[in-house]
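The stops below go from the whole chain to single residues.

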Amino acid sequence: MFKELNPLLHTQLRLAVMTVLMTVEEADFNFLKEKTAATSGNLSVQLDKLHQAGYIDIEKGFSGRRTRTACHITLLGQQAFEEYVEALKSYVTL
């Protein structure tokens with residue numbers, strides 16, 4: 001029997017962001033943009049969706065004179081990601 005896939009994580013960019021954030025303590029916007037090959041606008045929209053769901057925290061500040069946006073995954077986000085991976089396994093395990 002197949003488990004339902006979380007529709008919020010079942011998009012390429014949001015899944016890529018969550019995958020990166022599962023492997024680091026924190027990632028800034030430029031790092032995520034580089035790792036996901038996303039445009040700034042698209043990444044910003046997808047980060048906002050993940051933040052609204054409570055899957056990531058976003059901290060905005062300054063690094064010198066430049067703005068800095070840092071993201072890290074929340075406990076809820078970790079759980080959602082792990083559940084997504086387990087659900088995905090139900091599709092690939094015979």
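Predicted model: local features only at pLDDT ≥ 70, side-chain atom pairs only at ≥ 80, totals over all residues.

Residues are numbered from 1 along each chain as its sequence is written, and side-chain values use heavy atoms, with hydrogens and water left out.

The C-alpha trace spans about 55 × 25 × 20 Å along its principal axes. Of the 94 residues in the chain, 34% are buried; buried means under 20% relative accessible area, exposed over 50%, and partly exposed in between (1.4 Å probe, protein chains only). Among contacts (heavy atoms within 4.5 Å) with a separation of 6 or more, 55% join residues 24 or more positions apart.

**The core**

Next select Val17, Met18, Leu21, Leu32, Leu43, Leu47 and Leu50, which have the most contacts inside the largest nonpolar core, a set of 23 residues. A nonpolar core here is a set of buried Ala, Val, Leu, Ile, Met, Phe, Trp, Tyr and Cys residues joined through side-chain atoms within 4.5 Å. Two or more residues each come from α1, α2, α3 (40–52), β3 and α4, and α1 gives the largest share, 5 residues.

Zoom in on Leu50, in helix α3. Is Leu50 buried or exposed? It counts as buried because its relative accessible area is 0%. Leaving out residues up to four places away in sequence, Leu50 touches Leu8, Leu9, Arg14, Val17, Met18, Tyr55 and Ile56. With the same exclusion of residues up to four places away, the contacts of Met18 include Leu9, Leu50, Ile73, Gly77 and Phe81.

**Helix α4**

Now select residues 75–92, helix α4, which has 18 residues. From first C-alpha to last it reaches 26 Å, close to the 26 Å expected at 1.5 Å a residue; the expected span is 1.5 Å times one less than the number of residues. Its buried residues are Gly77, Ala80, Phe81, Tyr84, Ala87 and Ser90, and they pack against α1 (12–23) and β3. Ser90 counts as buried because its relative accessibility is 16%. Beyond residues up to four places away in sequence, Ser90 touches Met1, Phe2 and Lys3.

**The largest pocket**

Which residues line the largest pocket? Select Asp28, Phe29, Asn30, Arg66, Thr67, Arg68 and Thr69. The elements giving two or more of these lining residues are α2 (29–36) and β3 (66–73), with β3 providing the largest share, 4 residues. By type, the lining divides into 1 nonpolar, 3 polar and 3 charged. The pocket volume is about 150 Å³.

**Last stop: a loop**

Finish at Ala37, in the loop between α2 and α3. Ala37 has a positive phi of about 55 degrees although it is not a glycine. Ala37 counts as exposed because its relative accessible area is 70%.

Definitions and conventions:
1 Å grid on protein atoms, 1.4 Å probe; cavity = no way out; pocket = protein on both sides within 12 Å on 5 of 7 lines; lining within 4 Å. Points joined across faces, edges and corners; volume = space filled by probe spheres on them. Nonpolar A, V, L, I, M, F, W, Y, C, P; charged D, E, K, R; others polar.
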